[in-house]
Amino acid sequence: MAETFNLYPVLSDEHCSALNYLPSIPEFSYTEDYEDHPLVLDDVKGDAFSWTAQLQDPRCVWYPDTHNVIIHKKCSFSNTKILFGPGGIAPHNAVIGIAENWISSKSDHRGIIPFGEITADSESSEFELEFKFEKSKVKGSLQFQTILYLKKPGAPDTNEMYFAANSGTVLGTLDRCEV
C-alpha cells in the first residue's frame, strides 16, 4: 500500500472537529417541461461525512441520458479562524476556497464547482451550492467531495513559510458521497 505525505499542513481530524462543520444531505432534482421534480435518495448507507445512496424518481420518468440532474447542497462552519496561521493549514492572510469536486467515471467527466471562500476574519459561515449537470453529462455513479483549497496564498509571515504557496492546492476533504 502506498503512503502519501504532504510537504505542507493539510486538514486534520482535529481541524474538522474544531471547525464545527455541518454538511447537509444534498437534494437532487431534474427539469422536465420547465418544471423541477425531486429525486429521492434511496438505500442510504454511511454517515453525514461519507455515504452512498441511489437516486430514485417517484414519477419513474428521469433518465440521465434524456434529463438533467441538479444538485443543491448547504454547509456551515462556526470556527474557521483555526485554519489560519500557525497550527492551521494556510497563512494568516490567505483565502481558502470551498468547492465540490465531482467525478462521473463511466462518462469520463469530472469537474470542480467553487461555491464559497473563507478568511481568518470570517465569522460563522454558511454556503450554498446549486449546480445543473446537463443531460448525458453523467452516467453510472456520481462521486462528490467537498474540499478546501488555497484560493489566494496571501503573504505569509516568516513563521508561516511552510504553508502551501500555490493557488488551487487542495488542503483537505470535508465530506464525500456517491449516488
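**Cavity.** I began with the lining of the largest cavity, where β10 gives the most, 3 residues. I am working from a predicted model. I listed the lining of this cavity as P23, S24, P26, A48, W51, K73, D175, R176 and C177. I sorted these lining residues into 5 nonpolar, 1 polar and 3 charged. The space inside the largest cavity comes to about 40 Å³. I then asked how many cavities of 30 Å³ or more there are. The count is 1.

**Pocket.** Next I turned to the largest pocket, with a volume of about 200 Å³. Which residues line the largest pocket? I noted A53, Q54, L55, W62, P64, V69, V138, K139, G140, L142 and V179. β4 supplies the largest share of this lining, 3 residues. By class, I have 8 nonpolar, 2 polar and 1 charged residue in the pocket lining.

**Core.** Then I looked up the largest nonpolar core, which holds 39 residues. Which of its residues touch the most other members? I wrote down F77, L83, I96, F133, F144 and L148. Two or more core residues come from each of β2 (27-32), β4 (50-56), β5 (69-77), β6 (95-104), β7 (109-118), β8 (125-133), β9 (143-152) and β10 (170-178). β5 provides the largest share of this core, 4 residues. As a reminder to myself, nonpolar side chains tend to be buried together in soluble globular proteins.

**F133.** Leaving out residues up to four places away in sequence, I found F133 touching N68, V69, I71, W102, I113, V138, L142 and F144. Among these partners, V69, V138 and L142 also line the largest pocket.

**Whole chain.** I finished with the overall picture. I counted 1 helix and 10 strands. From the N terminus on, the order reads α-β-β-β-β-β-β-β-β-β-β. The C-alpha atoms fill a box of roughly 60 × 40 × 25 Å along the principal axes. Of the 179 residues, 42% count as buried. I also checked the contacts with a separation of 6 or more: residues 24 or more positions apart account for 69% of them. The chain exposes about 10,200 Å², and carbon and sulfur atoms supply 50% of that area.

Key:
Residues numbered from 1 in each chain as written. Predicted model: local features only at pLDDT ≥ 70, side-chain atom pairs only at ≥ 80, totals over all residues. Heavy atoms only, no water. Core = buried A, V, L, I, M, F, W, Y, C linked by side-chain atoms within 4.5 Å. Buried < 20%, exposed > 50% of the residue type's maximum accessible area, 1.4 Å probe, protein only. Contact = heavy atoms within 4.5 Å. 1 Å grid on protein atoms, 1.4 Å probe; cavity = no way out; pocket = protein on both sides within 12 Å on 5 of 7 lines; lining within 4 Å. Points joined across faces, edges and corners; volume = space filled by probe spheres on them. Nonpolar A, V, L, I, M, F, W, Y, C, P; charged D, E, K, R; others polar. Areas by Shrake-Rupley, 256 points an atom, 1.4 Å probe, with all protein chains shown as cover.
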